[in-house]
Amino acid sequence: MDDQELMRQVNRRKTFAIISHPDAGKTTLTEKLLLYGGAIQMAGSVKARRARQHAVSDWMEIEKERGISVTSSVMQFPYRGFQLNLLDTPGHQDFGEDTYRTLHAADCAIMLIDNNKGVEAQTRKLFEVCRRRRTPIFTFVNKCDRLGRDPFEIVDEVEQVLGIRCIPSTWPVRSFSGFKGVYDRMHQRVVTFESGLDHGASRVETHEMELNDAALDTLVGEEAAKQAREEVELLDGASGQFDLAAFNRGELSPVFFGSAMNNFGVEPFLDEFIRIGPTPAPRIAGDKVIDPVENVFRAFVFKIQANMDRAHRDRLAFMRIVSGRFERGMRVWHVREEREIRLNSPQVTMAQERVQVDEAFAGDVIGIIDPGMFQIGDTLTEGERVAFEGIPRFSPEHFTRLRLKDPLKRKQLQQGLQQLALEGTVQVFHKAGMTEKDAYLGAVGQLQFEVFKHRMATEYRVEVILDALPYSVCRWVQGDLAAAQKVAKFRDGALLEDHLDRPLVLLHSERDAAWAEREVPDAKLTPVA
Ligand code: G4P
């Protein structure tokens, strides 16, 4: 492939994730993005969704049972000549490390906010991960069809709570009877929406007009039109200019208003998203910066998932392509294993379907059937044998101790532990020198333990009992082990090792961790392994 064509392909790709608190409408918005991308014909209406008990991105049995999305998946869809890759992240309040790692593979994020609830706990956590990586963030204020809080107040809250500058890109136009449209500041036009009769299952009819058009008064009433004009004037006077460079550094977020349920505001958002959303970003490998348009295939594994397809019981390793072009069956260098491998059977998810891919480009994510040769963070490369920086392990906040119901099942337990730890479902710890039957588990979200138990029972036929432990903070020890022992002793903590035998302490609270930092600095405790 010539360099020109590679550049064209890479530059039409945008890879992103949606971050939000449960119930803000992520599943609904995901469906609507697929609808506007033409990847699905009709979005399942809310009622139909409830009947199905799961949305398009849900796979595993437990998800269907609960009607929630536990594991992240990847969806690819076109929009106005662009190729959008949506990395789906779990929406339940108990989310896992998997979510964090998925953000590592995205180039930007859409932060979805409920117009009534504002910035919620999980949004804040996910935002912090994005901030650490300086990920550009779009803000979408959802559910504007309902009377929510004042839009100025919501924008102010995002700025104050998250400490990011906000510039509204659209602004809601409301009448007494509800949400009528948005003012698009970039194009200086009002886009009004007409409610369809199908509860948002198909695209919404829109009309465009000038802000001063008398038709606006007719449509929303004189009072509401006057208010919209005043608010826009206030905005123009008060909020600064949109600064693309600051957005790309993750310091400024454009804000959009809409209703995912009714499709209001989705299209103006998508149009701006493809205009300013970043193309695949360069990534660092050792002392090199890898340019996505370099004609050498390079990728890293960010997620491993087993048994998504119950009929096949296979295991997929998801890799983010960082540079160059991927071709089915190509031979690449597996850096950690120091050998050449063939990449067979690549798959992507197009809307509901998993399909085979013959080629893919920097920015894309592909799933490769994995016979057990991949680990999270692995680099695959052509040409020079560089390795991407590893994906950090995030500090778990919930801990349990594992007991086996049937002691004869130790072999299966060991297998399951190894696999599920590799996928990042849970982190597995042990006391130094102890065997696997004394495993301790750590997870970012409580639900991960249930997923773990469920998968142990269904996939490995092992019943386990998990006893909750009273710790909530985990710190890896980078300094003196004796000092770490002292911390564990004085704060009633536990000194353990992770799966790579790296020492860590579990503590009861952040206050204990702060105490350790102050009083026992030699232990050099860190929250990320
Ligand atoms: P999540 O994935 O972020 O958890 O949220 P999801 O899309 O499942 O939406 C959560 C609830 O919010 C759903 O209602 C959904 O219909 C509603 N919702 C999503 N977008 C909008 C919107 O723009 N406006 C309004 N008014 N509601 C919205 P539910 O009653 O919890 O579920 P369901 O039984 O209706 O599916």
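**The second largest pocket**

Modeller: Gladly! Domain 2 (283-381) and domain 3 (398-526) each give at least three residues to the lining of the second largest pocket, with domain bounds from an automatic or database assignment. This is a predicted model, where local features need pLDDT of at least 70, side-chain atom pairs need 80 or more, and totals for chains, interfaces and linings use all residues. Numbering starts at 1 along each chain, and side-chain values use heavy atoms, without hydrogens or water.

The volume of this pocket is about 740 Å³ (the space filled by probe spheres set on the grid points). Among its 30 lining residues, Q375, R393, L422, H499 and L500 come closest to the centre. (A pocket is an open set of points on a 1 Å grid where a 1.4 Å probe fits, with protein on both sides within 12 Å along at least five of seven lines; lining residues have an atom within 4 Å of a point.) Helix α12 (410-423) and strand β25 (427-429) supply at least two lining residues each, and α12 is the top contributor, with five. (Helices are DSSP runs of at least four residues, strands of at least two.) Sorted by class, the lining holds 15 nonpolar, nine polar (Gly among them) and six charged (Asp, Glu, Lys or Arg) residues.

As for rings, the whole structure has 17 aromatic pairs (ring centres within 6.5 Å). One of them, F138 with F269, is edge-to-face (planes over 60 degrees apart), because the planes stand at 85 degrees, with centres 5.7 Å apart. F138 lies in strand β5 and F269 in helix α11, 131 residues apart.

Methods:
Rings of Phe, Tyr and Trp (its six-membered ring) pair if their centres lie within 6.5 Å; planes under 30 degrees apart count as stacked, over 60 as edge-to-face and the rest as tilted.
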